[in-house]
Amino acid sequence: MSAISREDVAHLAHLAHIEMSDAELDKMTGELGVIVQAIASVSEAASADVPATTHPIALTNVFREDVVGETLTAEEALMNAPDSVDTRFRVPAILDGE
Amino acid sequence: MTSHIDELVDFDVALEKYDPVLGFEVHVELNTKTKMFSAAPNVFGDTPNTNVTPVCLGLPGVLPVVNKTAVEYAIMIGLALNCKIAERCGFARKNYFYPDTPKNFQTSQYDDPIAYDGWIDIELEDGEVFRVEIERAHMEEDAGKLTHMGGSTGRIQGADYSLVDYNRSGVPLVEIVTKTIEGAGKRAPELAKAYVAAIREIVKALDVSDAKMERGNVRCDANVSLMLKGAEKFGTRTETKNVNSLRAVEHAVRFEIERHAAVLNSGAAIVQETRHWHEDTRTTTSGRPKSDADDYRYFPEPDLVPVVTTLEWIEELRSRLPEPPAERRKRLQADWGYSDAEFRDVVNAGITEQIEETIAAGTTAAVARKWWMGEIARLANAADKDVIDLGVTPATIVELNSLIEAKKINDKIARQVLEYVVGGEGTPSEIVEKRSLAVVNDDSALGAAVDDAIAAMPDVVEKIKAGKMAAIGALMGPVMKATRGQADAGRVRELVLEKLGLAG
């Protein structure tokens, strides 16, 4: 029994804007299930007094002073744009976000 | 998109049956020199896509680095809102797809905001104080600016395409979230406006934001729900997005209360959704419902390490806090001796600082108020400008006042001089010199004018001799006319009394 359901995978695929066939959903449900179970076994090994770790290296407070640095020109910024108008990116009208 | 007109219930009627519950999310754009995670300039109004780095554009392989000043400003906002400051907090990715965010996620904070559990006392217009509890204030970044093209309305409905400017992408934001606010009753709209005004005032006083709502430096999302009086469970809420002026906040809350009441009275349910505010019609329309799209799959940002605060650092930042605005207002009113009404007018006119500087530069509080609320306000009104955009400085008023006190000009001439200052003719002294406006206090010229007036008005002279001193005013007119308004009224009075043999 997988730790993650087929519906979970379909939902995640939808959120991530990834189109998946039925066969792919089946395959990913199995593969993701294995990964989730592997991670769950780490949780079992850690006792309650071990805090959750988000970063493997114990660094904190890596800051930058508030000083202006180098920027791109508009021409450079737009170099890879599929389409642009003057110095702005042009994108299709998008309705599903809002 | 719905286009029907919403049914509304009269505000007072709605409030007899329901209690409103409010909540606010206010986004404050910080005025740091650079962005939150890159060294691109944080400047409003430049040519699109010129204040960008690869980080702002979400190009592959880039690494963000946190702006220390932005963290300090966030802590200062937290302290000013009486929040606890987290000993340790981190950044998280909020994932969504929209072209204003080229990375496909916004870097924000999730379950460990830098500031939490605070409060702010809001003073309503009649002096009643309402405490609003703050849930959290967290750091995040602004998105790029989309301009919808084509269609007729400039809104996204019917747009053919959109243009994107990433200059704003990555500008540091602090989002301030309140706890649910109950008990405001009929004062809910007024409280909403006063709350946003108070936040704006605080971030301006801290000098951590330009705080211009018309530029989007301070933006408010207003949550409104209604519950039947006596009920224990909150009603379903709506979130009206981007209400970007103080008046609009007040109107939007009022409108949503009237709309919710009508929906609930009809037996229908409120749909949990975002609403869009329309300033032209002062109404809201349906945005999108809460849905899958709100599942942002937050996870810790692997490219940014945690922020750890020390007591020393926090106390150093606390020492930089200015006097809280509400306390400052109380102190100024007491120092200046203005009545409540006089002081409120000054605050509403937005010239507290001008008056403070004018007094500091050497006039009395009464003189400062007389000029700023009187002639300057009149000139601003006539020019259809804000008082502060008129070009009159506290130094102008001090100079004008010292010319009056030195009896070089009288009040009436001073008002003319001010008009010339506004017209760009120079400083008051320069104008008095250039236009030969100095008061005539040369006694021979003035004496001749007084003699003429006395000779021309024997009946008035009789009255004065009979003890009616008020009659002297009747002689003043001809004398002022003869001296083109430049006579010193006090001196004229003295001369009249001398010449009639009445001087003490």
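B:Asp117 is partly exposed, because 15 other C-beta atoms lie within 10 Å. The scale works like this: a residue is buried if 20 or more other C-beta atoms lie within 10 Å of its own, exposed if 12 or fewer, and partly exposed in between, with C-beta atoms placed from the backbone. This is a predicted model, in which local features need pLDDT of at least 70, side-chain atom pairs count only at pLDDT 80 or more, and totals for chains, interfaces and linings use all residues. Residues are numbered from 1 along each chain as its sequence is written, while chains are lettered from A and ligands numbered from 1 in the order in which they are written.

Look at the backbone of B:Asp117. Its phi is near 55°, a positive value in a residue other than glycine. Most residues other than glycine have a negative phi. B:Asp117 sits in strand E7 (residues 115-123) of chain B. Helices (H or I, at least four residues) and strands (E, at least two) are DSSP runs, numbered from the N terminus.

Now follow E7(B) to its partner. E7(B) and strand E8 (residues 129-141) of chain B run antiparallel, joined by 8 bridges. Two strands pair if DSSP finds at least two bridges between them. B:Tyr116 has B:Arg136 of E8(B) as its bridge partner. The hairpin of E7(B) and E8(B) has 5 residues between the strands, and there B:Gly127 takes a positive phi near 95°. E8(B) also pairs with strand E11 (residues 172-178) of chain B, in the antiparallel sense, over 7 bridges.

Strand E5 (residues 92-95) of chain B is joined to E6(B) by 4 bridges. In this pair, B:Arg93 has B:Thr107 of E6(B) as its bridge partner.

Next comes a loop. B:Lys407 lies between helix H10 (394-405) and helix H11 (411-422) of chain B. Its phi is near 60°, positive in a residue other than glycine. B:Lys407 is partly exposed, because 14 other C-beta atoms lie within 10 Å.

The mean pLDDT of chain A is 89, and 94% of its residues reach 70 or more. Among the elements of chain A, helix H2 (residues 22-45) has the lowest mean pLDDT (91), and strand E1 (residues 63-64) has the highest (98).

Technical notes: pLDDT = per-residue confidence, 0-100.
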